[in-house]
Amino acid sequence: MLSDPAVLDTLSDREYRAGLYEVIKYAIIASPRLFELLLERRDSVLARDPVIVDELISECVRIKAEVVTADEKEMGVRKILNFGHTIGHALEAETRYQCLLHGEAVAFGMRAATFLARARGD
């Protein structure tokens with residue numbers, strides 16, 4: 001895989017933060033260590049520290065590769081990658097893609113999915 005983290009420097013703060021919601025998703029679904037990194041190094045994450053950004057990207061790519069390798073046809077565990085997306089996509093469509101960036105919609109979707117799961121006792 002090829003990535004150029006320097007491209008993130010071209011994003012507005014809002015766009016960068018919206019992307020971080022996807023990182024938070026990976027932390028929640030598969031990596032307590034990534035979650036701790038986000039909490040403990042919050043200022044460095046928000047400042048786009050290149051060392052931290054590289055670590056975030058590497059961990060997210062590692063998680064996605066493991067999940068996709070384990071379930072190439074999305075018949076089981078791979079569905080976890082959709083956490084927040086079902087509701088998020090509905091929010092994007094309902095607002096005609098005018099109000100929320102994708103990551104923001106996913107963040108609301110993760111919150112709603114978590115609330116619904118807790119309400120059901122899951």
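1. Charge. The protein chain carries 16 positive and 20 negative side chains, with the centres of the two sets 6 Å apart. Lys and Arg are taken as positive and Asp and Glu as negative, leaving out His and the chain ends; each charge is placed at NZ of Lys, CZ of Arg, CG of Asp or CD of Glu.

2. Basis. This is a predicted model, in which local features need pLDDT of at least 70 and side-chain atom pairs count only at pLDDT 80 or more, while totals for chains, interfaces and linings use all residues. Residues are numbered from 1 along each chain as its sequence is written, and side-chain values use heavy atoms, without hydrogens and water.

3. Fold. The protein chain has 6 helices and 0 strands (DSSP runs numbered from the N terminus: H or I of at least four residues for helices, E of at least two for strands). Its radius of gyration is 15 Å, close to the 14 Å of the globule rule for 122 residues, so the chain is as compact as a globular protein of that length (C-alpha atoms; the rule is 2.2 Å times the number of residues to the power 0.38). The C-alpha trace spans about 40 × 35 × 25 Å along its principal axes.

4. E92. This residue belongs to helix α5, residues 85-94. Apart from neighbours within four places in sequence, E92 is in contact (heavy atoms within 4.5 Å) with Y97, L101, H102 and A105.
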